[in-house]
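Keep the sequence at hand.

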Amino acid sequence: MPKYVAAIDQGTTSSRCMIFDHAGLVIALAQKEHSQIYPQPGWVEHNPMEIWQRVQDVIGEAVAKGGIKRGEISAVGITNQRETTLVWDRRSGKPFYNAIVWQDTRTKTLCDRLGLNGGQVRFQGKTGLPLATYFSGPKINWILENASGVRQAAERGDALFGNIDTWIIWWLTGGPDGGSHVTDVTNASRTMLMNLDTLEWDDEILQEMEIPRAMLPRIVASSDPVSWGQTLSNGPFQDQIPVCGDLGDQQAALVGQTCFTPGEAKNTYGTGCFMLLNTGEKPVLSQSGLLTTLAYKLGGQPAIYALEGSIAVTGALVQWLRDNLGLIKQSAEIEVLARSVEDNGGIYFVPAFSGLFAPYWRSDARGVIVGLTRFINKGHIARAALEATAYQTREVLDAMNKDSGVNLTALKVDGGMVFNELLMQFQSDILGVPVVRPKVSETTALGAAYAAGLATGFWDSLQDLQGNWQVDRTWHPQMSASQRAALFRSWKKAIDRTFDWVEQ
């Protein structure tokens, strides 16, 4: 009898394999980082073959750590960094170009050109997304136009597009020897190519972006009882296991946090920061700079939609302080350094390294530190870096309240930064609502496991999943309303200083 479900969590900086039991508890975990490639300012790439190797490595390590035997894993679920775009040869599996990461801004010229007819909201009615460098569609066009031989290969039917979920599923289920070329509705909704109502690729947008439909994967449900294939007995799992769960990382966290009721929301603190609000069976188009996206689709049930606020740089700012400035040696040291001072000393750090995402969508913005005086030391910089995450989250929450008409009474949180006690308390203070961390904080991988396990009957219902969710800690606001308002006014002034830095 199967005892476990496996989840592959392929993120922006690392790949993980986690194995969960029926209670949603972690049985085994393995994680490996991969290289970040910066060919020029504003460009961010990954090596797809390195990522696939890391995925194989962590699967083997997690299976060994857990002492997992053949037949004990019921299903495999995938969750992934969304929007990161790659195109490869269906015959050899060789990428035509490095994966272009979601943070990359090289497609700004194309987005500007597409916006000449209808503005930034040109495709928003169909896709829920503004024209922005963030999404996959413009990245596909860039590869077709700039990587040698790709346009010709696509027209012959030899080039395949996928976000990272598609790439991993294709290799897990056979690669060039019959691998499944699929993506789920959540990942498809991040390409700017899928129609939110039909859940199909939109021919008009494909024509505008000059993308051949034949290179696109088949769109499937996030949890599919008719699996898209099985892992190979000679593959990294050393077993044939149904691959039947697929969710973009932020939607996976929504499922992992069991936000199944309209009005429930979660915020994930990772490389970037992403807040999702379940809006039910009908898409809600934002008037406040948010994205309308698919939350999940379970088998033949109706698709569930969400509003999302996407922030490009949160945890990545801590990595930048570590790797680029050498301010700290380990990411965890940021909290100790930030606690060495009583407050931010009057400085604000807006990490618009790739422009500003929600609610501004300004690719011309760049990062600033404002309010500097001789009084400032590295402790103040560390504290301002942490506070930037909380301020950006406040802006997204304000937009979400405005669009939905519902004021959130508490925020469920997950991701690596939720163990930073200073940040979580400041987050509660600047929002003015409780912040709740669950016992299993790795909810992204858990959500992918849930999607796969529901498909095979390992879990019977959403109620089973909700029964697994438990509170670990809650932070309550301790800041006065007047102080909260004053700090946020200064943050908004700092945001204004980032605009119009990049000129055509």
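Which residue stands opposite Ile304 in S15? In this predicted model, that residue is Tyr296. The pair belongs to the contact between S14 and strand S15, residues 304-311. These two strands run antiparallel and share 5 bridges.

Now step back to the whole sheet. S14 and S15 open the strand order S14-S15-S13-S12-S18-S19-S20. The sheet has 7 strands, is open, and mixes its pairing. Strand S14 (291-296) and strand S20 (471-475) stand at the edges. Each has a single partner strand, so one side of each lacks a neighbour in the sheet. From one strand to the next, the twist averages 30°.

Next, turn to a hairpin. Strand S2 covers residues 14-20, and strand S3 covers residues 26-33. The two are antiparallel, joined by 7 bridges. Phe20 stands opposite Val26 in S3. Between the strands lie 5 residues. In this hairpin Gly24 adopts a positive phi, near 80°.

Last come the helices. Two packed helices are described by the angle between their axes and the distance between the axes. Helix H1 (residues 48-66) packs on helix H6 (residues 164-172) at about 60°, and their axes are 11 Å apart. That angle makes H1 oblique to H6. Their crossing is right-handed. H1 brings Pro48, Met49, Ile51, Trp52, Val55 and Ile59 to the contact. H6 meets them with Ile164, Trp167, Ile168, Trp171 and Leu172. By class, this contact of H1 with H6 has 11 nonpolar residues, no polar ones and no charged ones.

Key. Residues numbered from 1 in each chain as written. Predicted model: local features only at pLDDT ≥ 70, side-chain atom pairs only at ≥ 80, totals over all residues. Heavy atoms only, no water. Pairing = 2+ DSSP bridges. Helix = DSSP H or I, 4+ residues; strand = E, 2+ residues; numbered from the N terminus. Axes fitted to C-alpha atoms, helices over the stretch in contact; angles between N-to-C directions. Parallel < 35°, antiparallel > 145°, perpendicular 65-115°, else oblique. Left-handed = near helix turned anticlockwise from the far one by under 90°. Contact = heavy atoms within 4.5 Å. Nonpolar A, V, L, I, M, F, W, Y, C, P; charged D, E, K, R; others polar.
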